[in-house]
Amino acid sequence: MMKQKAHFNYGVSEDLQAQILELPYQGGEITMFILLPPFIEGALDTTVSRLTAETLRSNMEMMWPVDIDVQIPKFRIEESYKMKEKLSALGFDNLFNASAVNLNGFSDSGNLALKKALHKSFLEINEEGAEAAAATALFLFRSARPAEPPAFICNHPFMYVIYDHSQEIILFMGTFEHPRAVSASLDKKV
């Protein structure tokens with residue numbers, strides 16, 4: 001588990017039925033939100049089904065800075081996607097046709113076209129915190145802020161959202177459903 005006691009934005013969402021913690025990346029424009037529902041059957045599914053851009057935005061506004069103990073499983077998720085078919089289906093098939101595309105701004109040689117398109121991304125939580133890159137516990141809900149938030153311990157399924165504050169968009173999101181299995185075997189990819 002990655003363990004830290006630090007100053008983070010924290011909140012409790014009645015809409016999403018989850019605690020929310022914001023972990024900033026270096027520079028502060030991009031952050032990871034962790035949505036931790038109670039440890040009961042179906043709670044993660046409920047949180048996922050209620051999450052929209054609007055509910056995330058409104059809950060971001062309700063968070064407050066606190067000193068809190070945080071424990072998150074160390075893990076790395078890595079994915080690669082071949083994008084040629086997807087881009088063609090979206091109407092970008094000319095990118096792959098040298099006689100139809102004009103990419104002269106990228107090269108003066110002319111007849112430049114794409115042969116392949118690949119998207120690769122990763123998310124890693126380790127001892128130093130969270131890192132991401134891409135190319136292309138039960139609790140009570142209250143109407144007032146609790147005096148001291150509980151420790152934020154992700155020892156059961158949770159959701160994560162990578163958010164770009166400057167563009168106000170979700171870059172990446174997913175669920176982590178087996179924290180105990182990862183803590184037992186940290187060298188394996190999840």
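Modeller: The sheet is open and has seven strands, in the order E8-E4-E1-E2-E3-E9-E10, with mixed pairing. Strands here are DSSP E runs of at least two residues, helices are H or I runs of at least four, and both are numbered from the N terminus. Two strands count as paired if DSSP finds at least two bridges between them. This is a predicted model, where local features need pLDDT of at least 70, side-chain atom pairs count only at pLDDT 80 or more, and totals for chains, interfaces and linings use all residues. Residues are numbered from 1 along each chain as its sequence is written, and side-chain values use heavy atoms, without hydrogens and water.

Colleague: Which are the edge strands?

Modeller: E8 (152-153) and E10 (169-176), each pairing on one side only.

Colleague: And how do E9 and E10 pair?

Modeller: Antiparallel, over seven bridges, with E9 covering residues 158-164. Ile162 stands opposite Phe172 in E10.

Colleague: What packs on the sheet?

Modeller: Helix H1, residues 43-50, touches E2 (18-24), E3 (30-36), E9 and E10. Contact means heavy atoms within 4.5 Å. The direction of H1 makes about 25° with that of E9. Axes are lines fitted to C-alpha atoms, for helices over the stretch in contact, and angles run from 0 to 180 degrees between N-to-C directions.

Colleague: At what angle to E9 does H2 run?

Modeller: About 85°. H2 (residues 53-61) lies across E1 (2-13), E2, E3, E9 and E10.

Colleague: Back to H1. Which residues are buried there?

Modeller: Ala43, Leu44 and Thr47. Buried means under 20% relative accessible area, exposed over 50%, partly exposed in between, with a 1.4 Å probe and protein chains only. Down the axis of H1, the buried residues fall within an arc of 100°, so they line one face. That arc is taken from the directions from the helix axis to the C-beta atoms. Their cover includes E2, E3, E9 and E10.

Colleague: What sits on the face turned away?

Modeller: Asp45 and Ser49, both exposed.

Colleague: New topic. Why is E2 largely enclosed?

Modeller: Because six of its seven residues are buried.

Colleague: How many bridges join E2 to E1?

Modeller: Five, and the two strands run antiparallel. Asn9 has Glu22 in E2 as its bridge partner. Their hairpin has four residues between the strands, and Gln17 takes a positive phi near 50°.

Colleague: And on the E3 side?

Modeller: E2 and E3 are antiparallel too, over six bridges. Gln19 stands opposite Leu36 in E3. Five residues separate the strands of this hairpin, and Gly27 in the turn has a positive phi of about 100°.
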